[in-house]
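Start with the view below.

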Amino acid sequence: MELRPWREAPERDGVLLMAPHELSAGRRAEVLRSARWSWVHLTSAGADFIDLAEWPADTLLTRSWRCYAAPLAEYALHAVLTHEWRRGAPWQERDTRSAPAPDAPPVPAGASTGGGTGLWGAEVTVAGWGAVGQRLATVLDALGARVTVLRRSPEPGSPFHQTSDLGRALDADHLVVALPLTAGTRHLFDRAALGRARPGLHLVNVSRAAIVDQDALTELCAAGRLFATLDVTDPEPLPTGHPLRSLPTVRLSPHVAWRSRDSDAAFADDFATIWATLAAADSSAASDPSATADSSADPHSSHAPGISHAPGISDVSAPGVPVPAVPAPGAPAPGAPVPAVSAPGAPAPAPSAPMPDARALDAVIPGLVPPTTGRRARAAVRALLTPGRS
């Protein structure tokens, strides 16, 4: 495998790793137009930076759907606990209490905890049931919170109460927004919905600002009716003097909830998982004589694609940061060295097994961004995925 800057990528069949949030809209468009990419993998969990209506049907588009779940859930938990204990922690730098009187109880009646209440018994709504929502709900439940999950289509058998009713979701002590930004979720929490929220609701947004009506949220927080902890705003950063910057009912962070010790190159794990899934499907097709070739495969796809990254991806381009190895099929363990990919235009071995049925494979590609199917992409990346290929 060869990793190169995007400007040095082949004109077709390359695999692009792109951090969309680190590029302007104009630069993103330039990078995406610079070649006929067979596969674009986003280092972000969201794909809202991409115009899916204009996306070429023969280019696979995937996202880092799982790797940021732990730090995002930790941020949300921290936000909830900080709000619960905002009136003061139960501990002090040093013990300032007077010596107890003879025969006095060790803990006087009415002793204060510092003004906090904690999570035990708190009602928390988690909006979204992806990797972040699932992890956060599990943690909150373990700490004694009563968790409600807001989902479009609740499923039976969940250990958590589920609802599709916005009114029920907003009748809580805390609401954590962990939804993707789509046409259906844009301003999901609009002025009318926020106006019906339980007074004192604390809204935590670790997803996208546009899911919440920011103007309405600002007004309700200014009136003291709601509280908010926001890792995302519109725009980012907010203009100097924006009321959200100074409201005592609002806490802001600069879109850093996803960061943790291992987050800088964490997207490579999701990329490797997708790669392995494609490899397993290709291997399965090789042993299945009934499998048929993808008739939409590009005639140039037998050449192995180079893997490129767009400038601004600090995960792989920052000095001193090693590029994570991606396991090839048959490799002993993640992170092991992988075979080199032949340069674009170099002779490639004869095609091996046919690809599995496109529709069947689409259903098992983790991180796949609908409605893209990437039929040509699967054929184009086959050279990377087939054991024994250079």
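Which residues of helix α6 (residues 214–222) are buried? They are Gln214, Ala216, Leu217, Thr218, Leu220 and Cys221. Buried means under 20% relative accessible area, with exposed over 50% and partly exposed in between (1.4 Å probe, protein chains only). Helices (H or I, at least four residues) and strands (E, at least two) are DSSP runs, numbered from the N terminus.

A word on the source. This is a predicted model: local features need pLDDT of at least 70, side-chain atom pairs count only at pLDDT 80 or more, and totals for chains, interfaces and linings use all residues. Residues are numbered from 1 along each chain as its sequence is written, and side-chain values use heavy atoms, leaving out hydrogens and water.

Back to α6. An α-helix has 3.6 residues a turn, so residues three or four places apart point the same way. The buried residues of α6 pack against α5 (191–195), β10 (227–230) and β11 (250–252). Now look at the two ends. Asp213 caps the N-terminal end of α6, with a side-chain oxygen 3.2 Å from the backbone nitrogen of Asp215. Just after α6, Gly224 takes a positive phi of about 80°.

Next, the loop between β8 (174–177) and α5, where Thr185 lies. Thr185 counts as buried because its relative accessibility is 11%. A polar atom of the Thr185 side chain lies 2.7 Å from the backbone oxygen of Pro180. Leaving aside residues up to four places away in sequence, Thr185 touches Pro180, Ala210 and Ile211. Contact here means heavy atoms within 4.5 Å.

Now the nonpolar interior. In soluble globular proteins, nonpolar side chains tend to be buried together. A nonpolar core is a set of buried Ala, Val, Leu, Ile, Met, Phe, Trp, Tyr and Cys residues joined through side-chain atoms within 4.5 Å. The largest such core has 40 residues, and Trp39, Leu119, Leu140, Val147 and Val204 have the most contacts inside it. At least two residues of this core come from each of β2 (15–18), α2 (69–84), β5 (123–127), α3 (131–142), β6 (146–150) and α7 (267–286). The largest share, 8 residues, is from α2. A second, separate core has 30 residues, including Phe189, Ala193, Leu217 and Leu226. Leu217 is also one of the buried residues of α6.

Finally, step back to the whole protein chain. It has 11 helices and 12 strands. Of its 390 residues, 46% count as buried. Among contacts between residues at least 6 apart in sequence, 70% join residues at least 24 apart.

How values were computed
A polar contact is a pair of N or O atoms within 3.5 Å; within protein, one must be able to donate a hydrogen and the other to accept it, and residues adjacent in sequence count only if both atoms are side-chain atoms.
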